[in-house]
Structure formats: C-alpha cells, structure tokens
Amino acid sequence: MLNQFSRTQLLFGKEKMEKLYNAKVAVFGVGGVGGHCIDALARAGIAHIDIFDDDKICITNVNRQLIATKKTVGRYKVDVMKEHILSINPKATVNAYNMFYMPNNSNEIDLSVYDYIVDSIDTVTGKIELVMRAKELGVPIICSMGAANKLDPTAFVVTDIYKTSVCPLAKVMRKELRVRGVDKLKVVYSKEEAMKPFEDDESSCEYNCVCPSGTTRKCTDRRQIPASNSFVPPTCGLILAGEVIKDIANRNGVAYA
C-alpha cells in the first residue's frame with residue numbers, strides 16, 4: 001500500500017526501510033541546521049527521534065529555521081518540532097527535551113539507547129561532552145561545524161575532523177579532541193571563509209534584543225551576533241541527515257562509529 005514513504009522505499013527497498021523505521025536517533029540542537037536535519041530524518045521514515053534544545057523561537061529565526069514562522073514565535077523549539085514530526089508521521093515516537101546539553105546535566109540522558117546521534121549545537125563545551133560520551137558508549141555521532149556568516153551552500157563537505165581547515169569551530173574541536181585522545185570524528189563543515197557581518201545597529205540583536213520572554217540564553221550573551229540566511233544552514237542540516245540515513249540503512253547489524 002502506498003504511503004508517505006513509498007518514494008523512499010523505491011530507492012532503499014523494504015529491508016532498509018525497516019532499519020530506518022526501527023532506528024532511534026537523537027538530535028541535539030533544533031535551529032537552522034538541526035531543524036532541517038530532523039525534518040529530513042522524519043520524512044525518510046525514521047520513527048524514533050529524540051530532540052534536545054532549550055531555546056524559544058525568535059522572530060530573527062524566521063529567515064532560516066524550518067519551524068520558525070510568525071505564528072510560532074515565542075514557543076519552545078522542541079515543542080513545535082515535535083508537532084511537526086508527528087504531522088509527517090503520526091505513528092512516530094518523539095521525546096522532546098527542553099534542555100541545554102552541557103557537562104553538568106549530561107548524566108540525565110542515557111545516550112546508549114540511540115543508534116545515531118546528531119550534534120548541531122554551537123557551544124564547544126556541549127559538543128565536546130556529547131562526542132566524548134558517544135565515543136565512550138560506541139554510539140555513532142556526526143557533528144556540524146560552523147554554518148553562520150557564510151553564503152556558499154556548495155562549500156560543505158563530509159570528512160574527518162582532522163581533515164578540516166578554515167572553520168574556526170573545527171579548529172577548536174580538533175585541538176580539544178586531540179587532547180582527549182579522540183582519533184576520528186565524522187563532521188560536516190564548510191570550506192568557505194566566514195564573512196564579517198555588516199556593522200548595522202538597526203538589525204543587530206546587540207542593540208535591539210527581541211528574544212522571547214523567558215529566554216535563558218539571549219543572543220546578546222554572544223561575543224558576536226552571527227549573520228545567516230535561508231540556504232546555508234539548511235544545506236548543512238540536510239547533509240547531516242543524509243549521512244545518518246545512509247549509514248543506518250546500510251549498516252550490517254554490528255556496532256559502528
């Protein structure tokens with residue numbers, strides 16, 4: 001019987017579609033990158049998705065984040081994303097965690113239950129914690145590097161963290177992971193040099209903060225307000241999803257990293 005995943009099954013076949021359906025994936029970060037990744041995972045037939053983010057949707061998110069619209073501004077991202085996933089697949093199991101993943105609360109989450117972890121958060125401390133715990137447990141993880149201040153969606157590549165260049169975030173990750181003895185990590189990063197945002201007081205959150213009430217981590221806490229757009233972060237998110245989907249569909253039942 002035809003269903004919303006029939007066109008995907010024409011590519012993968014029934015056996016691989018069952019692997020996707022039964023896989024359990026965790027996505028950390030439901031922003032411009034993570035939101036599009038989650039959408040693609042759900043549309044590919046993955047029916048067990050846990051999502052983690054503590055942010056509320058801001059009006060400045062509407063230019064790039066899949067779930068951000070004038071109607072959803074002020075709501076928690078994980079709540080809106082859960083509704084979105086279930087609108088695609090009402091049979092999906094979705095656990096929404098309104099949390100900012102860091103070392104001080106990482107013990108609250110049992111990562112061993114996942115078949116794959118996607119890191120699309122932008123805090124180095126949280127990314128390192130997530131990678132170290134995933135590696136300790138032997139759970140596959142893929143990480144996004146910087147997607148802000150860029151204009152070329154074709155500059156993204158999938159590679160090992162130690163083969164990256166240009167990206168400042170990747171540079172920090174390489175250093176920190178090398179110190180911790182991590183010998184490899186699958187990442188998506190852009191070879192494009194980051195642009196310097198225009199110094200525009202009128203459109204800068206630094207002077208005109210519009211974060212929804214109750215927002216814990218405001219944009220003004222950043223050293224620099226990043227610029228972004230509707231096509232670069234989504235591209236990164238779709239590449240992340242594609243790697244997860246292919247890895248799960250093609251796995252042979254043994255642990256992989």
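This is a short walk through one protein structure, from its overall fold down to a few single residues. Keep in mind that the model is predicted.

I'll start with the overall picture. The protein has 7 helices and 7 strands. Along the sequence they come in the pattern α-α-β-α-β-α-β-β-α-β-β-α-β-α. The radius of gyration is 18 Å, close to the 18 Å that the globule rule gives for 257 residues, so the protein is as compact as a globular protein of that length. Along the principal axes, the C-alpha atoms fill a box of roughly 55 × 45 × 35 Å.

Of the 257 residues, 49% are buried. The accessible surface is about 13100 Å², and carbon and sulfur atoms account for 51% of it. On contacts: if you take those with a separation of 6 or more, 70% are between residues 24 or more positions apart.

Strand β1, residues 24-28, pairs with β4, residues 116-119, in the parallel sense over 4 bridges. Within that pair, A26 stands opposite I117.

Further along is β7, residues 186-190. On one side, β5, residues 141-144, is joined to β7 by 3 bridges, and the two run parallel. For β6 and β7 there are 5 bridges, and those strands run antiparallel. Is β7 enclosed or open, and why? Of its 5 residues, 4 are buried, so β7 is largely enclosed by the rest of the structure.

The largest nonpolar core has 41 residues, and V25, L41, I51 and I85 have the most contacts inside it. Elements giving two or more residues to this core include β1, β2 (48-52), β4 and the helices α3 (34-43) and α4 (77-88). The biggest contribution is from α7, with 8 residues. Apart from this core lies another, of 28 residues, including V139, I161, L169 and A170.

Leaving aside residues up to four places away in sequence, V25 touches L41, I46, H48, I49, D50, Y114, Y116, V118, V244 and I248.

Last, two single residues. H36 is in helix α3. Is H36 buried or exposed? H36 has a relative accessible area of 16%, and the cut-off for buried is under 20%, so H36 counts as buried. Setting aside residues up to four places away in sequence, H36 touches G31, R64, Q65, L66, P234, G237 and L238.

T69 is in the loop between β2 and α4. Its relative accessible area is 34%, so T69 is partly exposed.

Methods. Residues are numbered from 1 along each chain as its sequence is written. This is a predicted model: local features need pLDDT of at least 70, side-chain atom pairs count only at pLDDT 80 or more; totals for chains, interfaces and linings use all residues. Side-chain values use heavy atoms; hydrogens and water are left out. Two strands pair if DSSP finds at least two bridges between them. A nonpolar core is a set of buried Ala, Val, Leu, Ile, Met, Phe, Trp, Tyr and Cys residues joined through side-chain atoms within 4.5 Å. Buried means under 20% relative accessible area, exposed over 50%, partly exposed in between (1.4 Å probe, protein chains only). Contact means heavy atoms within 4.5 Å. The radius of gyration is taken over C-alpha atoms; the globule rule is 2.2 Å times the number of residues to the power 0.38. Accessible areas come from the Shrake-Rupley method with a 1.4 Å probe; for residues, only the protein chains shown count as cover.
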